[in-house]
Amino acid sequence: MDIAAELQKLNMSEEEYEQCLLDIQDKLDGVSDLDWEEIRAKYNIHYAADVIRKANGTPFGGYMVKKYLDSKRPVTCSDSKIYDIRKEKQKLFDERAALTKMKRDEARIEEDILLLRREVAETGKLKYKPNVIKTIDGDNDMIICLSDLHIGEDVDSWGGKYNSDIAKERLDEYLGEILKIQDRNNSRDAYVLLLGDLISGNIHLTVQLQNRENAVEQVVKAAELVSDFLYELSRHFEHVFVNSVSGNHSRINLKDNVLRNERLDSLVPWYCKAKLEHLDNITFIDEFNYDSSVGSIEVRDKEYIIVHGDMDTNDQSGVAKLVFMIGHIPEAVIMGHLHNKSFQNISNVKVIRSGSLCGTGDDYTMSKRITGRPEQMVLIVDEGGIVSLHPVTFN
């Protein structure tokens, strides 16, 4: 048999042919997840996948014959050197095969994400029809906080009652109050800050026991509620800008077992952006964020820093550390996390804390003897900075 001629018919180099044989060997040894069709496609073999499989699957196939002869042939000194060379070559082939598999898996994941994003975008086009963009001659804008929604939490105690249905009712009520504030101030644009803990998550056993939905359902539910909220705002403001940071409740594992930016909160703005991308007056502005835990927005030439609050304290030390980290003094720092609203001026840096949509009544607040009304915070800002604060409290 003329091996060179046969390889030419297969349109393969010797290296490709040897790699193909190794893939077949790995397949038969059960160490490769490639199927026969994938092996055929990988090397563009003109035989059918079943032909390749059957040619190697019997005791008289080339693979079995080679394995038998290798087991019978004694290893000489010379053979030992050849064996070492072949072993190193095999290692190289294995590394290449592993890299190819990793690239193939990554490509599949990227394709799945792209398909999911397209599906979300299509449903958004059906649900949210483009509206006529208003022109508002206002000399101020509105900063709207959405903090600590804890979607998925389901509690009913003397300290409070909360679930996803109540969250929807409160967001509707919040929209109504926002429009009243806008009407009084003639605000032009809205800057919506997603301040973290949009979902309840699964960070503690007590939290898991209180959840109505699992983590995936929480993300989807939160994203749908926030998308509805943003769309309604876009019908009343000239432009809606959105930025976000992640909270501690959306960690995917225990605090010491997970990277700082591995938070499920980040999926919510991704989902909302895909769902609303066809609307011209909604813009997601995260390109100037320092990282997933420190965001930045600029409103009428002044910078406002946004954090969740689990890594930052609203005292002199906490503000100083944050200012030193970003390298300059912002107009204000806006955060959530502690489930109660507050306003302070610390070393000429305004620190605004929004409340929570869920309020109290869960196991943690009850064990700590913490009570409080569910509330959010709205700010009116102009060229001079913050003009007024408008806390919104819910029943």
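Predicted model: local features only at pLDDT ≥ 70, side-chain atom pairs only at ≥ 80, totals over all residues.

**Salt bridges and burial**

User: What makes the contact of arginine 300 and aspartate 141 a salt bridge?

Analyst: Their side chains meet at 2.8 Å, N to O. A salt bridge needs a side-chain nitrogen of Lys or Arg within 4 Å of a carboxyl oxygen of Asp or Glu, so the pair qualifies. Arginine 300 sits in the loop between β7 and β8, and aspartate 141 in strand β1, 159 residues apart. Helices (H or I, at least four residues) and strands (E, at least two) are DSSP runs, numbered from the N terminus. Salt bridges that share partners join Asp141, Arg188, Asp189, Arg300 and Glu383 into one network.

User: How many salt bridges does a search of the whole structure find?

Analyst: The search finds 17. One of them joins arginine 117 and glutamate 277, with the closest N and O atoms 2.8 Å apart. Arginine 117 is in helix α6 and glutamate 277 in the loop between α10 and β6, so the bridge ties together parts 160 residues apart in sequence.

User: Why is the pair of tyrosine 128 and tyrosine 231 called tilted?

Analyst: The structure holds four aromatic pairs. In this one the ring centres lie 4.9 Å apart and the planes stand at 40°. Rings of Phe, Tyr and Trp (its six-membered ring) pair if their centres lie within 6.5 Å; planes under 30 degrees apart count as stacked, over 60 as edge-to-face and the rest as tilted.

User: What kind of pair do tyrosine 174 and phenylalanine 229 form?

Analyst: A stacked one: 5.8 Å centre to centre, with 25° between the planes. Tyrosine 174 lies in helix α7 (residues 164-185) and phenylalanine 229 in helix α9, 55 residues apart. Both are buried. Tyr174, Phe229 and Phe394 form one aromatic cluster.

**Sheets and core**

User: What makes β6 and β13 edge strands?

Analyst: They belong to an open sheet of six strands, ordered β6-β5-β4-β1-β12-β13, with mixed pairing. Two strands pair if DSSP finds at least two bridges between them. β6 (282-284) and β13 (385-393) each have a single partner, so one side of each is left without a neighbour in the sheet.

User: How do you know that β1 and β12 pair?

Analyst: Four bridges join β1 and strand β12 (residues 375-382), so the count meets the cut-off. They run in the antiparallel sense. Methionine 142 stands opposite isoleucine 380 in β12.

User: What is the order of the five-strand sheet?

Analyst: It runs β7-β8-β9-β11-β10, open and with mixed pairing. Its edge strands are β7 (294-299) and β10 (342-346). Three bridges join β8 (residues 302-307) to β9 (residues 332-335), which run parallel.

User: Which residues touch the most other members in the largest nonpolar core?

Analyst: Ile144, Tyr174, Ile178, Phe229, Leu230, Leu233 and Val240, out of 47 residues. A nonpolar core is a set of buried Ala, Val, Leu, Ile, Met, Phe, Trp, Tyr and Cys residues joined through side-chain atoms within 4.5 Å. Helix α9 gives the most to this core, with nine residues. A second, separate core of 19 residues includes Cys145, Ile285, Met377 and Leu379.

How values were computed:
Residues numbered from 1 in each chain as written. Heavy atoms only, no water. Buried < 20%, exposed > 50% of the residue type's maximum accessible area, 1.4 Å probe, protein only.
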